[in-house]
Amino acid sequence: MNMAVQSFIEIGLLADIPRLGARCVRTPEGRIAVFRTADDEVYALEDRCPHRGGPLSQGIVHGSSVTCPLHNMVFSLKTGEAEGADEGQVRTYPVRIEGERLLLHVDALRALGA
Amino acid sequence: MTEKLVIIGNGMAPGRMLEHLFECAPDAYRVTIFNAEPRVNYDRILLSPVLSGEKSFEEIVIHGDGWYIDHDITLYKGHKIVEIDRAAKTVRSEHGEVASYDKLVIATGSAPFIIPVPGKDLAGVLTYRDLDDVEAMMLAAKSRGRAVVIGGGLLGLEAAAGLQAQGMDVTVIHLMPTLMERQLDPAAGYLLQRELESRGISVLTKASTRAIHGETRVQSVELEDGTVIPADLVVMAVGIRPNAQLAGEAGLEVNRGIVVDARMQTSDPDILALGECAEVGGATYGLVAPLYQMANVAARHLAGDIGPVFADQSTATRLKVTGVDLYSAGDFAEGEDREEIVLRDASAGVYKRLVLKENRIIGAVLYGEAADGPWFFDHIRNRTDISDMRETLIFGQAYQGGAPLDPTAAVAALPDDAEICGCNGVCKGKIVGAIGEKGLTSLDDVRAHTKASASCGTCSGLVEQLLSVTLGDAYNPQAVKPMCGCTDLGHGDVRRLIKAKELKSIPAVMQELEWKSSHGCAKCRPALNYYLVADWPQDYADDYQSRFINERVHANIQKDGTYSVVPRMWGGVTSATELRAIADVVDKFDIPTVKVTGGQRIDMLGVRKEDLPAVWADLGKAGFVSGHAYAKGLRTVKTCVGSEWCRFGTQDSTGLGIRIEKFMWGSWTPAKVKMAVSGCPRNCAEATCKDVGIICVDSGFEIHFAGAAGLDIKGTEVLGLVKTEDAALEHIVALVQMYREQGHYLERIYKWAKRVGIDEIREQILNDPERRKAWFDRFVFSQKFAQVDPWSERVSGKDKHEFNPLATLTLEAAE
């Protein structure tokens, strides 16, 4: 129980991210993009488009999707899967909102680093 | 093994042949084309709409430059072949270019027949054959003078109607008693003559030309009966003769045309000929359907399939004169063994005649109401026994088989092999197949994939009915292209409704216009944001989350996620201080690449996003502001050095460029706007391919617009000449404001201008001072809110969140 709580780490406040926008979290395993939708849902995805490595955090957020700024591939924020005619998958990370605070699940990161 | 295929001529027949060849044997040949005309393959059938002003040359191009590149074709434009050396298997152009071939295709087409009368070589005597002729006619038509067209056949009448549409006073001289006697019977010819006369075109039949008079230019035409008709322009359209001379000189068998067998092979087994220059079975051809049949046969032959042979088929003709509905097909001469069915409706101006032989239709002439033309033509070609429907046959398809069919049902009832598009030989089965397999939903889609209705366009209605039959309710012919999947409205409607309903925020637009998604998408949001910024400069709060990343952070994202920074360098002029500041910034921030841009400024590439505000701060201290190199907005005003330094300069082009840039910077536009000012017509600033350009001349400033030099290449249109710098600025600003308020998002000026019409823009900006002033004032008002340097704002802390990470994690911190 205790362990589970500990594996979430605070990364900032909900208000730090603009609605329909994103911010980055730097980690030793690369950048993670944290998105906020119009309805204040928050999602975290690897900040790297599988097509040509574009930073998804810089894309336009619409509904619960983001469009990559380099070549307009669209990904679901919920699943990390490419939408429409494209194919591709971006890694997703669990993120939790506690009050105003944003908590990122870091076990997945550790597993990656191991 | 790849063989060398050389083609002489780049008209519609060889173009179509190559399309077939690339389909059935894509890698068999390396292709070289020599074209005597200095341009790509275009649709000659559509020269008449170009002449009448209904289409532009760009709209009738069949194969753009890209097509030749895609198929690795070497195209020599403006190279006429003067010799074929059959022993060495080479051809030589008049410029001395020699190419060797394994297979040679001669497609030299035909030349207009010039009647040998005195004065035929005077300036102002033209033929009607290619784009050069059309351009010469359009130029001559600007005089609004008198034109005489010699020849009352298909081509002559189209020329006459086109010249009249261009404002000329036109007389048609025709040798025979009635017009278009090869396609029409006398009754229809008479109706046509009456129609043309009612539109103000004079028609003289049984008129033979004796001479053309004039000193250096044509002044009049004299007929055999002594009549003299004043003329500033004479167009000869009395027929064509195949261009067979080159082939004859090479020793190939030549008759009227180049003699070929039914597989398009000449008397030399390695040489084929096709198109109007070829003679098959003693006949030469000038209409497109048989020429395309030749193209198919020749392509299969080149691909090694000698099965298909050319067979003479009756062809149908339509006159492409707007408002004249006329169709003829087959053989309609009278004869003992023939019967006819005639329908006349004098008040409606309708005349229909079917010629029957042994219970089959062999000819049809329709005037005034020609919709059933293809249906009759189908029966001619299929030799249908019409005994059962003879009573109602003349009334057309709608009256067959009981209750009248609606047109869509009639199309649905056509067999799969019924020809829909005569120009391009496309049958119903192919169109329906393509709609299903490729998921086509619009007329444009069908044109792109099958070429049906892509030439003269008269079968567009049939193709739309096929779309409707095939797709059912899913096809909406009136549909404008929606902005994106979030709405059914097109850009034009959305812009109109934003103004009409006074919608001043993105949520308001989405609510009132019934958006289908909750928050739009990456296509519609930037467009809506622009429309609102442009339409409500004072009221609308720019939504940065709806802007593309480059505009959101005021720098250009690069492929590796870094950014490039381009400060404004007014009119391309800089100084030691500025250059030193740039050098210091480059050193301080370890910027990997510094490059001079095409718009006369300096680009620093590879800047990390976090460094952007600091880079801007240092640049700002030296007086730099954002160059908006990332914006759908005013980019650069390129200049030459002008009268200040240049010995040819007529005005201070540099100063004017700087003045324009300082006046207009910061304005958002539907797509990027690049300008230039050249100090003299030598045009060193390349102003004639810009969105807006100025060419300075002694007497003032020539204003240009709607050029392009990117995906498309297009010279500018001339708006007009103004006398002062102030007037030049006012005109340019007004023009850009009109574009700002009317352009569709991402639509460059040249596309907007094409959509709304050059004349309309000229009318409002050049000829209507009040409108011009109103546009100008609205631009000035909007600039009050737009001219804020976004870089200094961000140096002062605006949008800080954009440039810093939310958090930096180390794994230790989590343990």
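**View 1. E514(B) counts as exposed, with a relative accessibility of 65%.** Exposed stands for a relative accessible area over 50%, buried for one under 20%, and partly exposed for values in between (1.4 Å probe, protein chains only). This is a predicted model, in which local features need pLDDT of at least 70 and side-chain atom pairs count only at pLDDT 80 or more, whereas totals for chains, interfaces and linings use all residues. Residues are numbered from 1 along each chain as its sequence is written, chains are lettered from A and ligands numbered from 1 in the order in which they are written, and side-chain values use heavy atoms, with hydrogens and water left out. E514(B) sits in the loop between α15 (506-512) and α16 (524-535) of chain B. Helices (H or I, at least four residues) and strands (E, at least two) are DSSP runs numbered from the N terminus. E514(B) is not a glycine, yet its phi is positive, near 55°.

**View 2. E686(B) is another non-glycine residue with a positive phi, about 55°.** With a relative accessible area of 42%, E686(B) is partly exposed. Strand β36(B), by contrast, is largely enclosed by the rest of the structure, because five of its six residues are buried. β36(B) runs parallel to strand β35 (residues 634-639) of chain B, to which four bridges join it. Two strands are taken to pair if DSSP finds at least two bridges between them. V673(B) of β36(B) is the bridge partner of L634(B).

**View 3. Chain B is divided into five domains: domain 1 (3-110 + 242-302), domain 2 (125-238), domain 3 (491-547), domain 4 (551-625) and domain 5 (634-786).** The bounds come from an automatic or database domain assignment. The centres of domain 1 and domain 5 of chain B, taken over C-alpha atoms, are 42 Å apart. An unreviewed UniProt entry lists "domain: FAD/NAD(P)-binding" at residues 4-285 of chain B. That stretch, residues 4-285, is 23% helix and 30% strand, with 28 Å between its end C-alpha atoms. UniProt, again in an unreviewed entry, places "domain: Nitrite/sulphite reductase 4Fe-4S" at residues 631-767 of chain B. Residues 631-767 are 34% helix and 25% strand, and their end C-alpha atoms lie 31 Å apart. UniProt positions follow the numbering used here, feature names are shortened, and annotations may be inferred rather than shown by experiment.

**View 4. The largest nonpolar core has 68 residues, of which F35(A), M483(B), W515(B), L528(B), V565(B) and L619(B) touch the most other members.** Such a core is a set of buried Ala, Val, Leu, Ile, Met, Phe, Trp, Tyr and Cys residues joined through side-chain atoms within 4.5 Å. Helix α16(B) gives the largest share of this core, eight residues. The core lies between domain 3 (491-547) and domain 4 (551-625) of chain B, because both give residues to it. Beyond residues up to four places away in sequence, L619(B) touches V565(B), P567(B), I582(B), V585(B), M604(B), F624(B) and W791(B). Contact means heavy atoms within 4.5 Å. Another core, of 52 residues, lies apart from this one and includes L21(B), W67(B), A99(B) and F310(B). In soluble globular proteins, nonpolar side chains tend to be buried together.

**View 5. N529(B) is part of helix α16 of chain B.** N529(B) counts as buried because its relative accessibility is 1%. Neighbours within four places in sequence aside, N529(B) is in contact with I506(B), Y540(B), D542(B), D543(B), S546(B) and R547(B).

**View 6. In chain A, strand β3 (residues 30-36) is mostly covered, with five of its seven residues buried.** Seven bridges pair β3(A) in the antiparallel sense with strand β2 (residues 21-27) of chain A, and V25(A) has I32(A) as its bridge partner in β3(A). The hairpin of β2(A) and β3(A) has two residues between the strands. β3(A) also pairs in the antiparallel sense with strand β4 (residues 42-46) of chain A, over five bridges, with A44(A) as the bridge partner of V34(A). Five residues lie between the strands in the hairpin of β3(A) and β4(A), where D40(A) takes a positive phi near 65°.

**View 7. Chain A has two helices and ten strands.** Buried residues account for 53% of its 114 residues.
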